[in-house]
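Please look at the sequence and the structure before reading on.

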Amino acid sequence: MAPPPTSTTEHREAKRVAVLGATGSVGAGAVEVIAASGRLEAIALSAHQRFDRLIEQAKLLKPRWVIATDAKAAKKKSWRKLPTGTELLTGPEALEQTVRHEDVDTVLAAIVGTAGLESTWAAVDAGKTVALANKEALVAAGPLIQQLARQRGATLLPVDSEHSAIFQALKSGSPDEVERLVLTASGGPFRTWDPEALRQVTVDEALAHPTWDMGPKITIDSATLMNKALEIVEARWLFDLPAERLGVMIHPQSVVHSMVEFVDGSVIAQLSPPDMRLPIQYALEYPHRRDALAERLDWTQRMVLEFEPPDFDRFPALELGFRTAREGGTAGVVVNAANEAAVSQFLDGELHFTEIVPACASVLESHHFSPSPTLDELHQLDQWARREVENWVCA
């Protein structure tokens, strides 16, 4: 993971951060963290289409660049309200050029889905510190990204609350003392629903998450628990542990964000209210801890923390996640792409809620598995899996 600090003297120069996906939920949290820090500088902000919000963020942070990845939509937009000194760049290629720039210190990779893979890859290839909120990059290409990070001297820091919790808890012991990692999951809005009720789930019901405020794709993943399946795969590559040493517990309060069990039976957990600004700040400020915007636990109040094992029958996505982590190779890119396509079909009313995971499993089963794919092969399989989901829906 990340190397320890090489000096006890704190570097005074501002850390320059490129926020990719600035208008999404994680990106917006990063903008708040940077604005409040006094030690972080937003050198670049990107968005695909939410340009009004991007301009407001630029007025607040005054970055050197804003990047509109949808070049056609950007041509139709007036950019005259951008602050003086901020340059507009357009197209996805601008992301890769920006993250490679010598003035960029840290890249916050917060573009949802495999759309963020290329820019994440470019940042790692440039040897940057990458605060990774895009779990799909490691799900699809984990071994390749880790190999590239070692070759280029890049640092990967987790931003997902679960992986940030594990990263923090791992500091309590050495790698050979770790028994298992336990990811927690809120269980989403349907953790107590019976199978018949699940078959009637509407889009609005699936978008009503009980504890987290996220974009539609991630919220649907949280309802199916596919987000936890993808996090299992991400943890497998991020922390270099086999699937057999990963676990999941349902924790409705979302206060314990994950746990590390050591060989002596000790379990170290990280607790905080469900506020993404805390893991965002931890990654951007690493290796230092600072006063945070995030809400704190109130230790003067009574608190109940519940844990229960997951229901694999109600949420088959979890077994699919463990299978994908065990198989490695091309399994991750296929499951991830199939899920993105299936969620889109569900949001468009073309697929039932309970058909999302079976569609992904079917596509995984039918693909030609390769244990050591190239990046080009992963791109081809990504597109193939999306087409297969469309065929599955039509069938």
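The structure is a predicted model, in which local features need pLDDT of at least 70 and side-chain atom pairs count only at pLDDT 80 or more, while totals for chains, interfaces and linings use all residues. Residues are numbered from 1 along each chain as its sequence is written, and side-chain values use heavy atoms, with hydrogens and water left out.

**Helix 6 and its partner**

Two packed helices are described by the angle between their axes and the distance between the axes. For helix 6 (residues 135–152) and helix 14 (residues 331–347), the angle is about 140° and the axes are 7 Å apart. Axes here are lines fitted to C-alpha atoms, for helices over the stretch in contact, and angles run from 0 to 180 degrees between N-to-C directions. Helices (H or I, at least four residues) and strands (E, at least two) are DSSP runs, numbered from the N terminus.

Which residues in helix 6 meet helix 14? They are Glu136, Val139 and Ala140, and in helix 14 they meet Gly332, Val333, Asn336 and Glu340; contact means heavy atoms within 4.5 Å. By class, this contact of helix 6 with helix 14 has three nonpolar, two polar and two charged residues. In this scheme Ala, Val, Leu, Ile, Met, Phe, Trp, Tyr, Cys and Pro count as nonpolar, Asp, Glu, Lys and Arg as charged, and the others, Gly among them, as polar.

Helix 6 is not straight: a kink of about 100° lies at Ala141, shortly before the proline Pro143. The bend at a residue is the angle between axes fitted to the seven residues ending there and the seven starting there. The end C-alpha atoms of helix 6, which has 18 residues, are only 20 Å apart, whereas a straight helix would reach 26 Å at 1.5 Å a residue. That expected span is 1.5 Å times one less than the number of residues.

Buried means under 20% relative accessible area, exposed over 50%, and partly exposed in between (1.4 Å probe, protein chains only). After helix 6 comes Gly153, with a positive phi near 75°.

Asp125, in helix 5 (residues 117–125), touches Arg100, Leu148 and Arg152, not counting residues up to four places away in sequence. Asp125 and Ala154 are 29 residues apart in sequence and 7.4 Å apart in space, C-alpha to C-alpha.

**Helix 13 and its surroundings**

The buried residues of helix 13 (residues 317–327) are Ala317, Leu318, Leu320, Gly321, Phe322, Thr324 and Ala325. They pack against helix 10 (216–224), helix 11 (226–238), strand 9 (246–250), helix 14 and helix 15. Helix 13 is followed by Gly328, whose phi is positive, near 65°.

Thr219 is found in helix 10 and is buried, with a relative accessible area of 3%. Its contacts include Ala206 and Met214, not counting residues up to four places away in sequence.

**Backbone exceptions and exposure**

Most residues other than glycine have a negative phi, and most peptide bonds are trans. Lys62 has a positive phi of about 50° although it is not a glycine, and it lies in the loop between helix 2 (51–61) and strand 3 (65–68). Asp240, in the loop between helix 11 and strand 9, has a positive phi near 55°. A cis peptide bond, with omega about 10°, joins Tyr286 and Pro287. Pro287 lies in the loop between helix 12 (277–285) and helix 13.

The table gives the accessibility of some residues.

| Residue | Relative accessible area | Class |
|---|---|---|
| Lys62 | 56% | exposed |
| Asp240 | 61% | exposed |
| Trp299 | 64% | exposed |
| Lys72 | 69% | exposed |
| Thr374 | 40% | partly exposed |

Trp299 is in the loop between helix 12 and helix 13, and its C-alpha atom is separated by 33 Å from that of Asn134, 165 residues away along the chain. Lys72 is in helix 3 (residues 71–75). Thr374 lies in the loop between helix 15 (356–366) and helix 16 (375–394).
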